[in-house]
Each structure stands twice: as structure tokens, then as C-alpha cells.
Amino acid sequence: MGAVTALGGVSVVAPNAQSGLVADVQYFEQFGSAAFNRKAFGIFSAGVYRGYTVTPANGLNVTIGLDGDRPGVASVYVDNFQITVQLLTEQTLPLTAGKQNFVILEAVYGQGVLTRQVDNSVAQEAATLRVVFAESDIPANAIEIARITLEADVQSVTKEKIDTTKRHQFQVSFESTNDINDGADNRLLTVKAGKSFLPLSGGTVTGKLVVKGGVTSEGYLSVKDAGEFEGSVKSKGEFISNGFNTNGNNFRMVSEKYGVIHRNDGVGFYMLATNANDAYGNYNSLRPFTMELASGFVTLGHGAKVQGNFEAANASTLKGSLTVSGAAAFASTVNISGSLSVANKVSIGSPPTGNFSSNLSSINIGDNDSGFICPGDGLLDLYLNDAKYMGFDIANRRIYGEGEFITNQANGYRILSPNQGVIHRFDGSTYYLLFTDVGNQYGGWNGLRPFAVNASNGDVTLNHNVNVGNTLMAGGELQANHGNVRIAGDGNVYGSIWGGWINNWIQGNFVQRGAGDAVQDMRLAGEGGGILNGTFKAPGGCVMTGWYTEGSSPGGDTIFYRAIQKCVNGNWYTIGQL
């Protein structure tokens, strides 16, 4: 006999299996939990028996739910024991984007192993819902509940991403009955010898038919009242509904939240949906699919997404959106009142060629090589006859042109700031640079006329102050005050202060001399002198330069003088006097 020591020094003795066989709990066998937990091992498979539904929650989370208001039930193999795990309350698990998430249920049991189910001071849980990222990481003491594959850039979980088809799902009825009218949900209908509830061939069930296993009909199965099938239904013939209920519905498919109804009212065929959480109720106002039975005309009342090619031979009307992942061909008029989403390219008029036949998203219009191409995120190029004419760069807020920008509007171009606009205007005779009022950038121009060009002669008019930070150059005259002040190309200046041209004013006020009349130098000539006897005068053109005295009286003194001379054209001349 083997023994395992548990907490508190209690010895747990395992059953003696020396014979190689272990039966149900024996007389005097301790620890009935081990005996009970091995009782169903190998008889019932490990898997989900009820509940453990998986639905999207907020963000990258999923909710593991009950079976309505009943606990979820699952069974897990742990070594040679079978552990039943009940889900009493909803559980929410976080997932990871960019990975395949496996939601698993893991159970723990072992002789001498304490769990929090019986001792809150112990860290080990008896059962755990958690997520692993590879099928090989699912331990032997766990079962798969669901697998969810998420792309790297997703922000939420959709119902379509949740796959529960790989988990083991079972349904068990514990009691048998031969009463076809027994309504308990834990009954298993059996047929005793000599009694047959359904004819072996042909026949009609006139009451409610409830089948909890699979049904295969190779002949004709008619149910005149309600029929409920909890397993699969297979038929080698038709499924026929030759009438509808009081709401006009023929066929209903039910999930936990919504019901989908197929309806044929004799005029049209409809695919309808119920409101959320009312799967057995009446249809709501949505009309995703309608077909007129007389003409076959189909109306898609909301969005549509086509993963493959889409072809329409006649006129088409789409009241919602249409998404086509493959090619789409329309042989006639297409009216779309919603949005149109195309994965790659749209061709209007002709199949694409040249740059439009690449894998870049494009729209060619009219011919096969003119239209728009998107070379990258935030970029859009205009091509005409397979040549690029214009490019738009949203990220850098730029427009590139390979040719002229032409407009036949007088106000051809407007530049906006947050609160004012600048308008470039050409009215056929004059080009203007104009401004709007502040706060009215989309309005008309105001009274300012800072810049104008006469288209017939090229004259430029600046109606306001001009500040020049560097050299101002002109090929002709510079004029101010409406032509009343002028600077000529030869340097002459015209203004009212001069009475006209300044050159004329100078000539009228100063004697003009020739080039040979200019005074080149001045000097004092050689010294001369005379005796002062009474009065003495220096000669003309001379100035006194000295005085020599003789005695104390003036008489007999010597006066010295020099002539003032100028040099004209290399010759020296004594100046004259009046």
C-alpha cells in the first residue's frame, strides 16, 4: 500500500491495486472523493455538457457564460479521475491580439492535494479558466472551450472569430421513457418491443415532435405541429414548409441572441432578423434581403460584402453599402444610395491597362489608362493616358502638378488662413491680388487693392505702402504721387519743388562752364614791396604779406605784397579786381 502525507500530518492511503484492477468504493476504503471521482472515468468523455458559451465582451475580452439560468457543466480527465466542473457565474477572460488564443478549462485533483475550494489559505484552485497560445500548451488535465484567432491590429473581438467547433460537446439524458408526451428535458425516449411511436415507413406525427438525437430522413417526414430537433437533421429530399405562422414566417434559425427568419408571403421572399435577445420573437424593421417572386428582382436593403467576383447583367440598385473583394462587373446601370467598398480597383468603361493594371488601388474612368491611382497611404495621383499629371500628398499637405493648373473662373485661386482669405483674380483685363475681411475667409474681397497688373500693357499698380528690404531696381522711370515725382533712367529728378526737372533748375541757377574753364589750383606769386611815404596801395590782384618799420614813425617803412594767382588749363593767371 502506498501513502501520501497531506497537510496536518494526515496520511492518505491509496487503494491497493496489486491485482491490477480497481473497483468502485470498497468496504472500509478511506477517502470516498477518490472513489467517486474515478467512478465515471472512461464512461463519459471529457468535454462540455452544458453551457460554457463564449461571447464577445468589451475590447479584447470574451465572456464564458452559463446555460441560461442553469450552471454550465463540463467534465475533465485528471490522471485516472473524472472531475466535473460547474460554471456558477459568468467569467471574463482577456485575449491577446496577433495570436491564436485557446480558452481552456483546467481541473486539479489528487490525493493529499488541498485546493481553495476547501481551504481559502491555499493558493491552488480546484478549477481554472485561462488562455494559452498553442494547442500543444493545453495540459492533459484541461479541455478546450474555444479558440479565437486575432489579427495584430484589432481592438475588439467579433462573434465570427470565436470557434467552438473543436471542443468536445456532449448531451446526456439520465432517464429513459416510452411516453412520447413526456416533456421533461432529462428523458431519453426509448421504443420497447411491440410498440412503435413512429411508423417504419411513411406516416405523420400529428403532435409536437421533439428529437434530441440526429434525424436522417430518406423519405418524406411530415410534422403538422411544432417540431424540435436538438441534433442534426439530414434529408435526401426537400425540406418543405407549405404554410407560415400567424406572422407569415416559414423557417427560423435561432442563436442565443438573435433569430433569423425565412419568409415567403406569396409575393416576395425575405430574409429577416429578430431584435437582440428576442430570438423567438417577431422580425424587426431590417430588410437585408428581399426577392420579388414574380420578377426575381433582389433588393439588398443594407450593406453587402462580396468576397469573390460580382457580376450584374442588368440594372442594379443598392440601397446600402456593397463591399467586393474580387472583381465586380456591371453590364448596365448601377444605382447605389449607400457606400461602395472595393478591395482593389474600379474600372468604368474599359478594363485597366498600364499603371492601372498593377496591384495598386485605382479607378480608371472612360478609357483603360486614365483615372486615379493610390500609390500609398495618404497619396493620390491623377493619370491621363497612363501619364501622371497631378499628385496629392495629404501627410505633407502638398499638391504636385506635371502641367498647368487652368481655371476659367475669375476668382481662380484662393489661399486660406484660419481667419482670412487671399484671392487671385483675373477679370479679363486686370489681374488682382485681393483680401477678404478678417473672420470671413470664404467671403468676397474687401476694399484693399495692394497689387494689380494691367493685362494689355503689363503695368503694375501698388496701391499701398511698399517696404523694400534691399536694392530696388527698375528698367525705366520710378514715379511717385501719381506721376508727379519721377526719377529718370539718367538720374534726372522731376518734381514740383524744382519746377520740373532738377537739371533745368541747376542750369537756370548756376553758370555752366566748359571742361577747360575749371580752376585747377591757387597760389601766391612772388613777393614785391614799396616804401610807405604817406599812402601806399598794393597792386591789383595782390594782397599785403608784410610790413617793415623804420624808426618810430610810419614814414619810410617798407610794405611787402604778393599777387593771388589761379591755374586754369595749366596756365597761371593773376586774379582781377573791381
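1. **Overall make-up.** The model is predicted. The protein has 578 residues, and 23% of them count as buried. Its secondary structure comes to 2 helices and 51 strands.

2. **Surface and contacts.** Among contacts with a separation of 6 or more, 34% join residues 24 or more positions apart.

3. **Largest nonpolar core.** This core holds 30 residues. Tyr-52, Ile-64, Leu-105 and Ile-145 touch the most other members. Six strands each supply at least two of the core residues: E5 (61–65), E6 (72–78), E7 (81–87), E9 (100–107), E10 (127–132) and E11 (142–149). In soluble globular proteins, nonpolar side chains tend to be buried together.

4. **Second core.** A separate core has 5 residues. Phe-102, Ile-104, Ile-138 and Ala-142 are among them.

5. **Ile-145.** Which residues does Ile-145 touch, leaving aside those up to four places away in sequence? The list is Val-48, Tyr-52, Val-54, Val-103, Ile-104, Leu-105, Leu-129, Thr-164 and Arg-167. Two of these, Tyr-52 and Leu-105, are also named with Ile-145 as residues that touch the most other members of the largest core. Ile-104, also touched by Ile-145, belongs to the second core.

6. **Open sheet.** Five strands form an open sheet, ordered E39-E40-E41-E42-E43, with antiparallel pairing. The edges are E39 (411–416) and E43 (460–461). Each has a single partner strand, so one side of each is left without a neighbour in the sheet.

7. **The E40/E41 pair.** Strand E40 spans residues 421–426 and strand E41 spans residues 430–435. The two pair in the antiparallel sense over 5 bridges. Val-422 has Phe-435 in E41 as its bridge partner. Strands of a sheet pair through backbone hydrogen bonds, either parallel or antiparallel.

8. **Gln-441.** This residue is in the loop between E41 and strand E42 (451–454). Is Gln-441 buried or exposed? Its relative accessibility is 16%, so Gln-441 counts as buried; the cut-off is under 20%.

9. **Around Gln-441.** A polar atom of the Gln-441 side chain lies 2.9 Å from the backbone oxygen of Pro-418. Not counting residues up to four places away in sequence, Gln-441 touches Arg-414, Leu-416, Ser-417, Pro-418, Asn-419, Gln-420, Gly-421 and Thr-436.

Notes. Residues are numbered from 1 along each chain as its sequence is written. This is a predicted model: local features need pLDDT of at least 70, side-chain atom pairs count only at pLDDT 80 or more; totals for chains, interfaces and linings use all residues. Side-chain values use heavy atoms; hydrogens and water are left out. Two strands pair if DSSP finds at least two bridges between them. Helices (H or I, at least four residues) and strands (E, at least two) are DSSP runs, numbered from the N terminus. A nonpolar core is a set of buried Ala, Val, Leu, Ile, Met, Phe, Trp, Tyr and Cys residues joined through side-chain atoms within 4.5 Å. Buried means under 20% relative accessible area, exposed over 50%, partly exposed in between (1.4 Å probe, protein chains only). Contact means heavy atoms within 4.5 Å. A polar contact is a pair of N or O atoms within 3.5 Å; within protein, one must be able to donate a hydrogen and the other to accept it, and residues adjacent in sequence count only if both atoms are side-chain atoms.
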